[in-house]
Amino acid sequence: MKAITINRLLGAFLLCLAVSTTSLAAEPVTPKLTDKLRHLLQEEMRAVQEGMASIHSAIVMGQHESVVENAQQIHDSFILQQELTEQDREDLMSAVPKGFIKLDKEFHKLAASLAEASRDQDTKEQHKLFSKMTGNCIQCHSKYVSDRFPGVKTFKD
Ligand code: HEC
């Protein structure tokens, strides 16, 4: 009798745990990507990563032109604006939820705003936008790439 109760409690506990975990991290998109999309995305991500490192240095040294150049490049690398075939587009849409696309769009839009702030030589605004962009990396990785990046903790928007 006692064992049954404990089992039930344990079952309920595990169920709660499962529910709370899924509400934190959505199902990872990585296993659903086609090989081509995965390669494109990884390539884009590495370019973004390098761009962000260059931007960081350029902001703190006041090299506005370098910020413009790198931010513009990040904006232009937008995966959805690349030469994807109709089939790739369909594959992407069926692999990722709307929230993912929204985050990606938002991220590339922030890059355009950062380029703009750098044309105005506005260091304060550059700092603000750089932080927002970093927030987007964390948000997308924690929500949709939790299988590869389990160490990135989710946070509320
Ligand atoms: C909209 C979602 C999204 C955003 C925003 C995002 N990433 Fe990613 N990132 C991914 C996905 C998905 C992968 C994993 C791709 C795979 O392995 O299939 C990834 C992987 C990576 C990788 C590993 C690439 C490799 O070589 O495999 C790096 C580095 C990276 N992201 C950096 C960044 C940085 C820096 C930012 C922000 C400036 C960022 N990402 C923003 C979705 C995102």
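Which residues are the closest to the ligand, and how many residues surround it? In this predicted model, the ligand is surrounded by 22 residues, of which Met45, Arg46, Cys137, Cys140 and His141 are the closest.

Two side chains reach the metal: the iron atom of the ligand is coordinated by Met45 through SD and by His141 through NE2, at 2.1 to 2.2 Å. These two residues connect distant parts of the chain, since methionine 45 belongs to helix H2 (residues 35–61) and histidine 141 to helix H6 (residues 123–144), 96 residues apart. The site of the iron atom has six donor atoms and is octahedral, with angles among the donors of 83 to 179°; for six octahedral donors, the ideal angles at a metal are 90 or 180 degrees. Methionine 45 has a relative accessibility of 34% and therefore counts as partly exposed, and histidine 141, at 22%, likewise counts as partly exposed.

An oxygen atom of the ligand lies 2.6 Å from a polar side-chain atom of arginine 46, while an N or O atom in the side chain of glutamine 42 is 2.8 Å from an oxygen atom of the ligand. For histidine 141, a polar side-chain atom is found 2.9 Å from a nitrogen atom of the ligand.

Turning to another residue, alanine 115 is located in helix H5 (residues 98–119) and counts as buried because its relative accessible area is 0%. Leaving aside residues up to four places away in sequence, alanine 115 touches Val68, Ala71 and Gln72. The C-alpha atom of alanine 115 is separated by 8.4 Å from that of glutamine 126, which is eleven residues away along the chain.

How values were computed
Residues numbered from 1 in each chain as written. Predicted model: local features only at pLDDT ≥ 70, side-chain atom pairs only at ≥ 80, totals over all residues. Heavy atoms only, no water. Helix = DSSP H or I, 4+ residues; strand = E, 2+ residues; numbered from the N terminus. Buried < 20%, exposed > 50% of the residue type's maximum accessible area, 1.4 Å probe, protein only. Contact = heavy atoms within 4.5 Å. Donors = N, O, S within 2.8 Å, 3.2 Å for Na, K, Ca; no water. Tetrahedral: all angles 85-135°; square planar, octahedral: opposite > 155°, others 65-115°. Near = heavy atom within 4 Å. Polar contact = N/O pair within 3.5 Å; in protein donor to acceptor, adjacent residues only side chain to side chain.
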